[in-house]
Amino acid sequence: MSRTKSPYPYWFILPAAVIFTVLFLVPTLASFWFSLTRWDLFSVEFIGIENYRQFFREPFLIQGLFNTVIYAVTTSAAKTVLGLLLAVLLTSGLWGQGFLRTVMFFPVLVSTIGVGITFTVLMHPTRGIINVALAAIGIHGPGWLTDPTLALYSVVLVDVWKGIGLATVIYIAGLASISPEYYEAARIDGATRTQLFFRVTVPLVKPATVTVVTLSLIGGLRSFDLIWAMTRGGPGFSSDVLASVIYKQYQAGFYGLSTAGNVILFALIAVIILPLTLWFNRKEVEL
Amino acid sequence: MARVVLENICKSFGSVDIMKGISLTVEDGEFCVFVGPSGCGKSTLLRMISGLETVSSGRILIDGEDVTYAEPSRRGIAMVFQSYALYPHLTVRENIGFGLSLARRPKAEIEERVGKIAETLQLSHLLDRKPKALSGGQRQRVAIGRAIIRDPKVFLFDEPLSNLDAALRSQMRVELTDLHAKLKATMIYVTHDQVEAMTMADKIVVLNGGRIEQVGAPMTLYNEPASPFVAGFIGSPKMNLYDGDAAAREGCMVYGIRPEHISLSATDGKWRGTVRHIERLGADLIAHLTVDGLGDLVARCPGDTPMVIGETLFASPVAGKEHKFERGAIG
């Protein structure tokens with residue numbers, strides 16, 4: 001006997017579908033259209049791919065694109081590696097590890113702008129406590145945020161400090177899901193501590209790694225608030241990323257250009273994250 | 001292969017004593033089964049032999065060498081875990097060869113030894129599969145393969161069949177017994193299932209509350225249990241045990257009679273009872289009776305014995321098969 005499919009269950013999808021369409025799909029498609037125009041609140045003029053041409057002609061915009069990739073990759077790599085090492089440390093039965101886990105997570109709860117302002121003060125070339133402390137032991141501290149070759153990496157450092165707590169918590173949950181029997185079996189087989197880490201922990205904690213890498217990469221590619229609070233993209237354009245460039249173009253009234261920047265950011269995230277997710281999913285282990 | 005000697009092994013967690021002076025010898029090539037109820041310490045004892053758990057006091061000797069404080073990998077043991085502990089990201093080939101690859105042995109040697117073991121365990125066609133693509137029995141065999149490849153002096157098994165269904169468990173019991181016969185290795189096997197213990201062991205160690213209740217061959221434990229606990233634990237269905245007035249009438253502290261050592265009659269017998277429940281197992285029939293002055297009594301009869309619930313029957317113990325204990329309590 002054949003059964004006809006009832007449309008009844010689909011009604012339950014409708015509210016979410018409407019919200020998704022209105023708040024995500026329509027603006028995304030609209031931004032594709034507006035990126036091909038020169039527009040303001042009262043007029044729209046179709047100019048084809050001129051905004052994109054201009055975007056890739058401007059050296060500072062291209063630098064912003066490169067900086068975005070550098071920022072996302074370095075913050076993500078640091079959070080992944082350090083997060084895993086800290087999680088291993090904080091699950092090793094260390095004295096006071098419950099307290100240390102709280103301390104580790106605390107920066108995640110603090111406002112990004114607040115962190116940015118605080119570190120701007122701490123990293124001041126002459127009055128900042130970091131350089132004052134370095135001077136006390138005879139080291140001439142660099143201009144953390146004023147040196148164009150260093151500014152982006154100083155923000156990376158602060159981003160890692162602020163975000164590592166979340167990566168650590170995800171890794172702690174991942175480590176907790178690994179059966180101790182895997183380690184015991186490896187110990188009987190004669191595994192050293194290093195081998196236990198690389199041959200057991202790293203492969204088996206992969207689901208957590210996928211989450212940390214994906215979240216931190218997307219976060220890094222979209223990063224704006226910390227950079228804006230600490231350097232505003234400067235000195236010059238040395239620490240500009242796509243999001244800050246888009247913001248600056250928007251402030252300057254180049255709405256079409258900034259919309260094109262948004263589309264480029266969208267495409268960049270999709271081009272990096274989609275294949276990565278597919279690759280991770282294919283390699284994922286079932287514990 | 002090797003002899004395992006435990007000398008006065010004690011284990012405490014804080015002020016709680018888990019193992020209380022265990023002394024035992026497992027002979028070279030023997031299949032020794034630790035059996036007992038949950039929490040009796042059998043797995044802890046096995047883990048102390050493996051080195052995964054520390055010993056509070058006492059000595060462990062394997063092949064004459066004191067390994068009490070030796071690293072697990074230095075004891076010449078291999079262990080098969082309850083969950084098999086197969087690495088999900090590795091293939092069967094890589095799982096079996098894991099120990100050798102940790103020791104950085106040449107690839108050709110690993111390949112050759114994995115191939116031989118896979119052939120012995122009928123895993124050759126599965127070598128490139130991941131554990132999730134294997135059945136429970138196949139995973140079990142991979143775990144055994146990983147143990148064999150280390151060429152250990154002693155094999156340790158921690159309830160390895162408990163995750164399998166009844167049919168597969170029965171098949172694996174036979175396979176493990178065959179493997180023991182083939183390898184002639186010393187094997188120590190932990191289970192809470194007395195059927196596994198009875199069918200596989202050369203020697204059974206019954207543990208209770210961190211102490212050894214009795215050590216002996218399966219039929220010795222069955223025929224001559226040293227305590228009511230062993231009497232109740234070994235045998236299925238379990239022995240009928242009585243204390244108080246019922247035991248006093250028989251002249252002992254605890255009186256026991258196995259279900260298969262009771263004869264039932266419709267006309268006369270030692271005890272008069274009413275059939276309360278009947279379990280028909282095909283070849284056998286298990287009758288649950290309520291007996292005057294005794295309480296519940298379980299009897300095993302041939303499967304074709306005519307019987308109905310509510311019927312009055314007379315039960316008598318088979319001469320010479322009664323067990324009278326002067327000490328101990330019903331567990």
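1. Helices α3 and α10 of chain A are roughly antiparallel to each other, because angles over 145 degrees count as such and their axes cross at roughly 150°. The model discussed in this note is a predicted one. The two axes come within 8 Å, and α3(A) passes α10(A) in a right-handed crossing. Helix α3 covers residues 59-90 of chain A, and helix α10 covers residues 206-222.

2. The contact between these helices involves several residues from each side. From α3(A) come A:Thr68, A:Tyr71, A:Ala72, A:Thr75, A:Ser76, A:Lys79, A:Thr80 and A:Gly83. From α10(A) come A:Thr209, A:Val212, A:Val213, A:Ser216, A:Leu217, A:Gly220 and A:Leu221.

3. The largest nonpolar core holds 111 residues. Those touching the most other members are A:Tyr171, B:Val33, B:Phe34, B:Leu156 and B:Ile188. Helix α7 of chain A, residues 151-176, gives the most to this core, contributing seven residues. The core also draws at least three residues from each of two domains of chain B, namely domain 1 (4-230) and domain 2 (238-325).

4. The surroundings of B:Phe34 may be examined in detail. Setting aside neighbours within four places in sequence, B:Phe34 is in contact with B:Lys42, B:Leu45, B:Leu46, B:Ile188, B:Val190, B:Val205 and B:Leu207.

5. In chain A, the bond from A:Gly234 to A:Pro235 is cis, with omega near -5°. A:Pro235 lies in the loop between α11 (225-230) and α12 (242-251) of that chain. In chain B, a cis peptide bond joins B:Ser236 and B:Pro237, with omega about -5°. B:Pro237 is found in the loop between α9 (228-233) and β11 (240-242) of chain B.

6. A:Arg232 has a positive phi of about 55°, although this residue is not a glycine. A:Arg232 is placed in the loop between α11 and α12 of chain A. Is A:Arg232 buried or partly exposed? A:Arg232 is partly exposed, because 13 other C-beta atoms lie within 10 Å, whereas a buried residue needs 20 or more.

7. B:Glu159 likewise is not a glycine, and has a positive phi of about 45°. The residue lies in the loop between β7 (154-158) and α6 (166-183) of chain B. B:Glu159 is buried, because 20 other C-beta atoms lie within 10 Å.

Conventions: Residues numbered from 1 in each chain as written. Chains lettered and ligands numbered in written order. Predicted model: local features only at pLDDT ≥ 70, side-chain atom pairs only at ≥ 80, totals over all residues. Core = buried A, V, L, I, M, F, W, Y, C linked by C-beta atoms within 7 Å. Buried ≥ 20, exposed ≤ 12 C-beta atoms within 10 Å, placed from the backbone. Helix = DSSP H or I, 4+ residues; strand = E, 2+ residues; numbered from the N terminus. Domains from an automatic or database assignment. Contact = placed C-beta atoms within 7 Å. Axes fitted to C-alpha atoms, helices over the stretch in contact; angles between N-to-C directions. Parallel < 35°, antiparallel > 145°, perpendicular 65-115°, else oblique. Left-handed = near helix turned anticlockwise from the far one by under 90°.
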